[in-house]
Amino acid sequence: MVGDWVDTELPRLNRAVLRSEIPHSAVADQTRDLLLPHLPAIDRLDPSEARRLVVRLGFVGASVARHYQEWNPGGKETPERAFDDLTVDGHPFRDYFAALAAHTGAGHYGRDSYASLVRWNVGTIEVRCGAELLAVLPGVFDDGNIRSYTGTPGEERFFLLVKQAEALELAVNEMLCPLSDEDACLVSEGAIERVRLATALILAMRSLFLDFAALPPDESMPADHFMDVFRQFAVHWTAGDIPPSGALDPEALKRDFLLGIAITDYDRHVRRLFPALLDGERATIEELMARPTLPQRLLDHLDLDAGTLADRSPAELRHLIGAHPALVDWYRLLTAHARAAGAHLMLSQKFLFKPQRRRDVAGQGDKPLVSNRRGTTGMNETFLERLTRARRNHPLAPLRTALTGETAEKVRAAEVPSAASVSVALVG
Ligand code: HEM
């Protein structure tokens with residue numbers, strides 16, 4: 001009953017409120033009268049059941065919070081009041097949610113999150129290169145459905161896109177993580193094979209981004225829907241909490257620490273997001289933060305210094321590459337990482353920053369609930385551009401001058417797996 005109500009009735013109610021066909025209070029009223037009395041005692045649930053319920057109640061909480069803040073003057077300043085009338089067996093809704101989140105055993109946040117909306121909500125994704133299975137990113141449902149705020153295909157496609165990208169990133173990280181062990185050799189044949197496969201996987205993710213952007217709006221997601229409907233559910237539940245965001249994608253964070261990123265205080269920036277991550281994610285990211293980055297270890301191994309690479313002439317760099325051809329593979333990996341960041345920046349511009357600029361020019365202003373001038377954790381276009389530039393300015397970037405045309409082609413090009421041989425499929 002609880003599942004059906006959240007999966008079918010809640011999106012219908014949300015659509016009706018947004019079209020002003022029913023009062024905005026209908027979602028909270030029906031949640032109180034029809035849903036909450038049927039919620040189970042938490043200690044009767046196993047962790048998988050708790051995870052499924054966290055996903056579903058996450059959508060409920062986001063819907064109640066959004067409508068309250070949108071329709072009550074000053075509601076944005078008192079977000080927690082949205083839940084005033086909602087109790088489960090005498091306990092306030094947010095306390096029940098927090099206990100349920102703890103019962104998942106995953107250290108889940110006390111509100112909806114990237115993990116609940118994307119990873120747990122969307123079914124299992126498999127990543128393959130040719131016939132070889134490289135990574136599996138499970139969900140917690142096996143019903144083939146993707147739950148969303150308003151039950152529209154654009155929202156489902158967006159959640160699917162993000163999870164597919166995360167699965168590819170997981171495959172990349174599983175490929176690269178063993179190389180961050182202290183005694184791993186980064187120029188061995190086995191290491192280079194991993195680096196090349198990781199490169200193909202990152203380029204496959206970039207293609208996923210480009211393909212999504214190239215689709216007509218009714219086959220991807222109309223930007224207006226993203227800005228006015230979808231994003232407006234990412235409101236605060238309590239002042240200062242962390243709403244869901246792509247910025248909480250743990251595999252992207254891990255990749256940044258494996259490959260390095262020249263942003264001052266990046267560790268501090270990521271630690272601020274920690275409450276919204278899961279226990280296992282926090283632990284792995286902490287571990288990776290404490291290790292030297294892979295490019296740094298490579299340079300140390302080859303007795304090279306990133307600073308002095310930039311001072312070498314193209315001829316000297318070509319000589320260096322001749323002595324250490326593995327440098328080309330590492331360069332390609334870091335370049336693929338930067339190009340994927342560039343493609344993501346393009347997505348954020350196409351679906352958010354550019355349409356918002358057009359609205360500003362037309363005098364239409366911003367949305368009062370969730371601003372469309374920045375992401376939900378506060379990143380604006382300038383910051384996303386800075387991240388992309390930092391990834392482009394990687395320690396091997398000076399090799400670019402030596403790798404024009406012929407040289408690039410000559411160095412083992414034929415052996416690199418193609419991004420086209422990578423597949424990423426929803427299997428359950
Ligand atoms: C239409 C598609 C997309 C749009 C419009 C978009 C937009 C944004 C925005 C506005 C931010 C800033 C977030 C904040 O302030 O919290 C952001 C950050 C981020 N998004 Fe997306 N995003 C899209 C797709 C994706 C996908 C598919 C992924 C894949 C996993 C992803 C991963 C990230 C990451 C990792 C960040 C942190 C910034 C960075 O590391 O570069 N996004 N995105």
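User: Where does α7 lie relative to the strands β3 and β5?

Analyst: Helix α7 lies across β3 and β5, and its direction runs at about 55 degrees to β5. Keep in mind that this is a predicted model.

User: OK, so how are those strands arranged? In which order do they sit in the sheet?

Analyst: Read across an open sheet from one side to the other. Here three strands line up as β4-β3-β5, with antiparallel pairing. The edge strands are β4 and β5 (422-426), each of which pairs on one side only. On average, neighbouring strands of this sheet are turned by 20 degrees against each other, ignoring direction.

User: And which helix packs on the sheet and touches β3, β4 and β5?

Analyst: That's α6, and its direction makes about 120 degrees with that of β4.

User: Let me zoom in on β3 and β4. How many bridges hold that pair?

Analyst: Five: strand β3 (residues 125-129) and strand β4 (residues 132-137) pair in the antiparallel sense. R128 has L133 in β4 as its bridge partner, and C129 stands opposite E132 in β4. The two strands form a hairpin with two residues between them, and G130 in the turn has a positive phi of about 60 degrees.

User: Now helices. What do I look at when two of them pack?

Analyst: Two packed helices are described by the angle between their axes and by the distance between those axes. Take helix α7 (residues 189-214) and helix α15 (residues 326-361): the angle is about 20 degrees and the axes are 9 Å apart. So α7 and α15 are roughly parallel to each other. The crossing of α7 past α15 is left-handed.

User: What classes of residue make up the contact of α7 with α15?

Analyst: That contact divides into 18 nonpolar, three polar and six charged residues.

User: Can we try another pair? At what angle do α9 and α11 pack?

Analyst: Helix α9 (residues 250-259) and helix α11 (residues 279-290) pack at about 10 degrees, with their axes 9 Å apart. That angle is why α9 counts as roughly parallel to α11. On the α9 side you'll find P250, L253, K254, F257 and L258, which meet E281, T284, I285, L288 and M289 in α11. By class, this contact of α9 with α11 has seven nonpolar residues, one polar and two charged.

User: And α6 with α9: is the crossing left-handed or right-handed?

Analyst: Left-handed. The angle between α6 and α9 is about 35 degrees, and the axes are 9 Å apart. From α6, the contact uses E166, E169, L170, V172, N173 and L176, while α9 brings E251, A252, K254, R255 and L258.

User: Last one, the ligand. How many residues surround it, and which are the closest?

Analyst: Start with the count, then ask where the residues come from. There are 23 residues around the ligand, and the closest are S245, G246, G375, T377 and M379. Helices α6 (153-176), α15 and α16 (381-392) each supply at least two residues of this shell.

User: Which of the elements gives the most to the shell?

Analyst: That would be α15, with six residues.

Technical notes. Residues are numbered from 1 along each chain as its sequence is written. This is a predicted model: local features need pLDDT of at least 70, side-chain atom pairs count only at pLDDT 80 or more; totals for chains, interfaces and linings use all residues. Axes are lines fitted to C-alpha atoms, for helices over the stretch in contact, and angles run from 0 to 180 degrees between N-to-C directions. Helices (H or I, at least four residues) and strands (E, at least two) are DSSP runs, numbered from the N terminus. Angles under 35 degrees count as roughly parallel, over 145 as roughly antiparallel, 65 to 115 as roughly perpendicular and the rest as oblique. A crossing is left-handed if the near helix is turned anticlockwise from the far one by less than a right angle, and right-handed if clockwise. Ala, Val, Leu, Ile, Met, Phe, Trp, Tyr, Cys and Pro count as nonpolar, Asp, Glu, Lys and Arg as charged, and the others, Gly among them, as polar. A residue is near a molecule or strand if its C-beta atom, placed from the backbone, lies within 6 Å of it. Two strands pair if DSSP finds at least two bridges between them. Two residues are in contact if their C-beta atoms, placed from the backbone, lie within 7 Å.
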